2 protein chains.
Amino acid sequence: MKQDIDRLMHEAHIDALLIMGSGSHNPNMTYFTGKAHLTNAYLLKKVGETPVLFHQSMERDEAGGTGLETKDLTDYNILELLQQVKGDIQAAEAERFKKIFEEFAVKGKVSVYGKVEFGGLFSVLRKLEKDLPELEFIGEAAIDSVMMKARLTKDPQEVERIREMGKITTAVVADVAGFLTAHRAKDGVLVNQQGETLLIGDVKRRINLWLAMRGADNPEGTIFAIGRDAGVPHSTGEAEAPVEIGKTIIFDIFPMEAGGGYFFDFTRTWCLGYASDEALQLHQDVLDVYNTVYQTLKLNTPCRTYQIMTCEAFEERGHPTVLNTPRTQEGYVHSLAHGLGLQIHEGPNFRHTEDNTAMLEAGTVFTFEPGLYYPDQGMGVRIEDTLWASSEGAIEPLVEYPKDLVLPIQDA
Amino acid sequence: MKQDIDRLMHEAHIDALLIMGSGSHNPNMTYFTGKAHLTNAYLLKKVGETPVLFHQSMERDEAGGTGLETKDLTDYNILELLQQVKGDIQAAEAERFKKIFEEFAVKGKVSVYGKVEFGGLFSVLRKLEKDLPELEFIGEAAIDSVMMKARLTKDPQEVERIREMGKITTAVVADVAGFLTAHRAKDGVLVNQQGETLLIGDVKRRINLWLAMRGADNPEGTIFAIGRDAGVPHSTGEAEAPVEIGKTIIFDIFPMEAGGGYFFDFTRTWCLGYASDEALQLHQDVLDVYNTVYQTLKLNTPCRTYQIMTCEAFEERGHPTVLNTPRTQEGYVHSLAHGLGLQIHEGPNFRHTEDNTAMLEAGTVFTFEPGLYYPDQGMGVRIEDTLWASSEGAIEPLVEYPKDLVLPIQDA
């Protein structure tokens, strides 16, 4: 949580954080600024001090609205600096940073953040380091960084915002189920009342529409993958393909608060009309492993134990997994879970390897998503909820939704 | 254009491009991959050779769909590398890069790109440079980089995609005009048939909905700023504020192709019901300057001349500008234009200073947006179209839309 940042900075021997880039689609910046419309801003936070937001002059109202201490970048007159360095943009930017660091007495280890176009700032910071020997820029590994550790545990307001996104998400999932089951089956695919074939692209357009109506963005798209595509975890589904009945459909939806903010992540697997015995068994295996591992979740335990437990449970049921068949593309091929917040994927990590020391702390919001994939048999199943570990020790889905495999469809 | 990349690499003495990050919201990657759903991918392009896309194993179908040569990152076994370096993620990533650079014989100057979280890769690349002395990473200034120069001129397919976004954009602008004028004026604000006050947030939700219905995303939000807010160019407007009549409304809309891709950028200024004489005059001044400068646009001329011309035309009409009042927050306070494509802001740059050597080349798609701002008088006006400079020499808006200031409103 935000209140942990100074402690985490002390522990990592970091003197200042420098976050660069825009206010949206830039999680570490958004964590401080909220959804402010800011372009090319900087946030400077020295250990033990409140952060300062450096903003473009035109964006002073947006900057002011964040409630942060602000500083207008016009004060550093980039055009004058550009003339001093004969139009070298990178040199001018380095000079501006020098002025800022001098004014705010920034020294020592500065950890740099920001989702930004990499190249230009790479040069600027290297130039700065040469000119300012009392300063060292640190690039922390994202997953172990001060900011990620702070963001890993969510305060009640953050949890409620994610839960609100969960309500929107499951409402849209219900919309999609209703939309699909309002169709009829004909020659193995869904058709509408006029007999026209429903395409995956049609379904995805509806999803975007319904999300927008309910006030959510969908920056990363949606997975709606049928048959063989369902057997490849990150296949998103072919827009021009018809919606087939009797095959597994992996429907994985991960929208974001409108304008940038918190995500939700949710998956159900459906068969329209009917399911084969193989698909039913696959779904049952995933559901059993979901329930088995879910019941063991407990605060302050190592995250990796749950991935190992999941692999073992799947292997007992005859499926290869990444535990003992590291490069398998069949069976259980990914991680059980990942933290979720201002990014779809954030800490903690659940990979099984010994180097993973992440613990399941109170305040963690994380996905829980066992799955089985058999691309050559044209099927895959994943069931995913977003869980919250409360400080009281309860670990529960933020929203509930049925896990049925088969959605009934009438014949045309 | 893409075909220029090898020539531009030769001119910049660059041996390879390394683009990192996801397939969406990452313009330089998207330029090669299209809208493929790729996370943590790399694209390597050596001068004179075709690019290679390195992808996560789970995303092999998405990677294959790009038509690029692909390579599965599983081949480099990151978990084994992690064990070798005792769980140090950055060291493991550096080792993986070493394997890739060895296999593909990458040497010399490697220009690095990608909209990525900065810190982690900053460390990885510095570590790599230490270990591989035959290699030097270059961070080009974004605006002068090989990729930006290639992207600066658009081929006909790109132009048609941007024009298509323009049609969607102006259709939604017409929807908004229709929606507003279907309201009535009461006590200085718009109300619906039930007498309920219309809020700016309501308008913005409709905009998102209509954009989604027409197949566009709106990742950066919309500016719908009234009165004093209209006088501050990047104020986005307060969601909880009512829609007031008789005041200037700057409506600046900049949506993107659904799922990531090309942007459009468009602004109109409206007064609902009526306009004050001051607002009418301000609007006329902007329109006159728009027309005056627009008529002079010509291929292969310096971009900065148009910004200077715009400033001089506004100054003749009595308005301060950034040309002779560099830090002014009144009058004409920004640049006339910017290139537009996979980013809202890309090359060429139109700033007036002598160091700006950008030329208006055939194939350029750029905004054209004179404006005047008087926050203390509670008003601002901007008129913006997206223009295209064709290879035949015509420079015209990609789509047309009326520039009227006043939208008629009936009293309640």
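This is a predicted model: local features need pLDDT of at least 70, side-chain atom pairs count only at pLDDT 80 or more; totals for chains, interfaces and linings use all residues.
A charge is taken to sit over an aromatic ring if NZ of Lys or CZ of Arg is within 6 Å of the ring centre and within 35 degrees of the ring normal. A:Lys2 lies over the face of A:Tyr31, at 4.7 Å from the ring centre. In chain B, B:Lys2 is placed over the face of B:Tyr31, again with 4.7 Å to the ring centre.

Over all chains, the structure holds 34 aromatic pairs. One aromatic cluster is formed by A:Tyr42, A:Phe97, A:Phe101 and A:Phe137.

I turn now to the interface. How many residues of chain A are in contact with chain B? On the side of chain A there are 67, and they meet 66 residues of chain B. The size of an interface is often given as the accessible area lost when the parts come together. Here, about 5900 Å² is buried between chain A and chain B, and carbon and sulfur atoms give 55% of that area.

As to polar interactions, 33 residue pairs are in polar contact between the two chains, counting pairs with both residues at pLDDT 80 or more. The salt bridges between chain A and chain B number 6. In one salt bridge, the side chain of B:Arg126 meets that of A:Glu129, at 2.5 Å from N to O.

Which elements of chain A supply this surface? The largest share, 9 residues, comes from α6(A). By residue type, the side of chain A that touches chain B divides into 23 nonpolar, 25 polar and 19 charged residues.

Finally, some remarks on the backbone. Most residues other than glycine have a negative phi, and most peptide bonds are trans. A:Asp187, although not a glycine, has a positive phi of about 50°. A:Asp187 belongs to the loop between β8 (184–186) and β9 (189–191) of chain A. Thank you for your attention.

Conventions
Residues are numbered from 1 along each chain as its sequence is written. Chains are lettered from A and ligands numbered from 1 in the order in which they are written. Side-chain values use heavy atoms; hydrogens and water are left out. Rings of Phe, Tyr and Trp (its six-membered ring) pair if their centres lie within 6.5 Å; planes under 30 degrees apart count as stacked, over 60 as edge-to-face and the rest as tilted. Contact means heavy atoms within 4.5 Å. Buried area is the accessible area (1.4 Å probe) that two parts lose on being put together, summed over both. A salt bridge is a side-chain nitrogen of Lys or Arg within 4 Å of a carboxyl oxygen of Asp or Glu. A polar contact is a pair of N or O atoms within 3.5 Å; within protein, one must be able to donate a hydrogen and the other to accept it, and residues adjacent in sequence count only if both atoms are side-chain atoms. Helices (H or I, at least four residues) and strands (E, at least two) are DSSP runs, numbered from the N terminus. Ala, Val, Leu, Ile, Met, Phe, Trp, Tyr, Cys and Pro count as nonpolar, Asp, Glu, Lys and Arg as charged, and the others, Gly among them, as polar.
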